Amino acid sequence: MSKKPLILGIESSCDETAASLITENEEGLPVILSNIVSSQVEVHREFGGVVPELAARSHIEKIDWIVKKAIDESGRKIEEIDAVASTAGPGLVVCLSVGLSFGKAVASAMNKPFIAVNHLEGHALSPKLNSNLNYPYLLLLISGGHSQYLSVQNLGEYKRLGTTIDDALGEAFDKTAKLLGIKFPGGSQIEILAEKGDPQKYKLPKPIFSKGGCNLSFAGLKTAVLKISKTIKSKQDKYDLAASFQKTIEEILYKKTKIAFREFEKINKVNEKAFVIAGGVAANKKIRSMLVDLCKENNYKSIFPPLDLCGDNAAMIALIGLEKFKLKEFNNLDHPVIPRWALDESAYFLKGAGVKL
Ligand code: KG4
Ligand code: ZN
């Protein structure tokens, strides 16, 4: 039996401090040995959002014991690690710096290669952690910081088909939750309130619904929710607004995903088409079941990474480390933090006010 690489992955791009050890089996498929995630939700709750300075301080306090716990739980020893992979971007500079520096220090002390990882690449390849998925596949990444459709051609090769021109979908969920009086991060509570509400009660806008290909926009929707939230009087009104918001998002994703299917098929001729839905919002059960049905209608296999691999984690960072280790794609110890780092560098930057489609 040949010795399989053992990779330590470290993640600290936003408000989760995470470390993971992975290796691979005889078939060359990844095996997660440990996957430790420490969330800072409590640190930021009273501020209603992530405070970068506090997030960085919390990463500094936790990172060494998180990494130690990941090594202990893996049943392996630090000396056995073949390479260290840390998230280098995109994300908050002060947060990224913690995991990046820590990873470099471990690699340097152990005299092992260092690999700088794009966090989005981790999300994009995360379904490979538990399913034998072939390239190319279509990816919808919906998280607190990103909302995009990508055609995943290969490791390091991505074509962006659509992106948000303003807010990320998770951000829209969290802001709506805040307006409904739910504590940060309340995005996951919306679908629970929505179950008790009437989705037809409030008519909400669907920005760039009939134009802009599979690009997305949620800022106008958020403004509409803000206006309506000022008029609500009862608990039932709250449930109805949550239900109307949830329904509107489902309608937007239904339409835009159908467009993304066609765009994906224009650039890829594949018999077995696969659609991966990753990022924290992929935990939304109603969105999941709508997309599963849409996949069936369009002859796509739908794939959801398990919930603990949907949100931010270090197993996905270690996975990119593993793939790059096998290709001997290492980075120098002076590798910078890259706060804005697109997966498809040829795609133009669309986010921001005043963008016209
Ligand atoms: O991927 P993630 O864990 O972190 C990053 O943003 O990178 O995503 C977190 C986002 C938050 O905005 C959270 O409110 C949202 O995912 N989220 C949900 C649900 N669970 C988490 N949004 C809607 N429905 C859910 N069930
Ligand atoms: Zn993420």
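This is a predicted model: local features need pLDDT of at least 70, side-chain atom pairs count only at pLDDT 80 or more; totals for chains, interfaces and linings use all residues.
Residues are numbered from 1 along each chain as its sequence is written, chains are lettered from A and ligands numbered from 1 in the order in which they are written, and side-chain values use heavy atoms, with hydrogens and water left out.

Now for the layout. The chain has 11 helices and 10 strands; these are DSSP runs numbered from the N terminus, with helices being H or I of at least four residues and strands being E of at least two. The chain splits into domain 1 (7-127 + 309-326) and domain 2 (135-304), with bounds that come from an automatic or database domain assignment. Their C-alpha centres lie 27 Å apart.

Where the domains meet, 19 residues of domain 1 are in contact with 22 residues of domain 2, contact meaning heavy atoms within 4.5 Å. The two domains bury about 1500 Å² between them, 72% of it on carbon and sulfur atoms. Buried area here is the accessible area (1.4 Å probe) that two parts lose on being put together, summed over both. On the domain 1 side, α1 (41-45), α4 (119-125) and α11 (315-326) each supply at least two of the residues that touch domain 2, and α4 gives the most, with 5 residues.

What about charges? Across the domain interface the rule finds 0 salt bridges, although a search of the whole structure finds 19. The rule asks for a side-chain nitrogen of Lys or Arg within 4 Å of a carboxyl oxygen of Asp or Glu. In one salt bridge, aspartate 240 pairs with lysine 201, their closest N and O atoms being 3.3 Å apart. This pair links distant parts of the chain, 39 residues apart: aspartate 240 is in helix α8 (residues 235-267), and lysine 201 is in the loop between α6 (187-194) and α7 (219-229).

That loop between α6 and α7 also holds isoleucine 208, whose phi is near 40 degrees, a positive value in a residue other than glycine.
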